[in-house]
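Please look over the structure shown here, and then follow the explanation below, which goes from the whole protein to one of its parts.

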Amino acid sequence: MYGIINKSIEEQIIENYGENKWIEIKANSGISEDFFISNDVYDDEVTYKLIKSISNVLKISTDLVLFNMGEWWILNTTHKKYAGLIKSGGKNLKDFIINLPDFHNHIMLMYPKIIAPEFKVTKMSENEILLHYYSKRSSLQEFVRGLLSGLGKIYQTPIYIELVQSKNSSYDHDTFKVSWTI
Ligand code: HEM
């Protein structure tokens, strides 16, 4: 994955737990990188090793690590670095989710080597959507849950996210039921 993802993880840990914890997490992870460059592509293993190490060192589940990563990505990394892009994603939460299937097409212009996730939207009603998440990677469902939760905060809209079908159970993608109060 592009280094910006690993950098975002690093920033979140340093901000919330301090520099020393980050040094401990990096040493425990077994990765050889000292720092990350946003526009360089790193092996996915680097990210997975960091996630595992954060879980070990902070004694929290990998699901929670992923969720925190997702919220931080939206609320801090992208909201600060690409505020315009996030804003142009939709005038409200529902709009943003409806536009999500096309969102990474714009990102590809900035990060041409991206292996982007794919989203599809079905069964839409006024305050509920089924969001289908397809990825070439595995085990990132809770990252998506954190991303959606972060979007809910940006749009100041309470959001409820339920994983109704999981890729793990011999299904080719994950499906989330996303609802919100209007
Ligand atoms: C300005 C905003 C955003 C930028 C710049 C961005 C960029 C990226 C980049 C660089 C990656 C790493 C993938 C790679 O290097 O191959 C990534 C992954 C990912 N992004 Fe985004 N993204 C943004 C917003 C979003 C939003 C709003 C969502 C969904 C709610 C999302 C969902 C994901 C997911 C699920 C992955 C993990 C990759 C996978 O599933 O295979 N991103 N994004």
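The domain assignment, which is automatic or comes from a database, divides the protein into domain 1 (3-60) and domain 2 (84-180). The model is predicted, with local features needing pLDDT of at least 70 and side-chain atom pairs counting only at pLDDT 80 or more, while totals for chains, interfaces and linings use all residues. Residues are numbered from 1 along each chain as its sequence is written, and side-chain values use heavy atoms, with hydrogens and water left out.

Between the C-alpha centres of domain 1 and domain 2 there are 24 Å. Six residues of domain 1 are in contact with six residues of domain 2, where contact means heavy atoms within 4.5 Å. The two domains bury about 480 Å² between them, 54% of it on carbon and sulfur atoms; buried area is the accessible area (1.4 Å probe) lost by two parts on being put together, summed over both. One salt bridge is counted between domain 1 and domain 2, a term for a side-chain nitrogen of Lys or Arg within 4 Å of a carboxyl oxygen of Asp or Glu. The side chains of R137 and D44 form a salt bridge, at 2.6 Å from N to O.

Helix α1 covers residues 3-17, helices being DSSP runs (H or I, at least four residues) numbered from the N terminus. Its end C-alpha atoms are 21 Å apart, which agrees with the 21 Å that 15 residues should span at 1.5 Å a residue, the expected span being 1.5 Å times one less than the number of residues. After α1 comes G18, with a positive phi near 95°.

How values were computed: Helix = DSSP H or I, 4+ residues; strand = E, 2+ residues; numbered from the N terminus.
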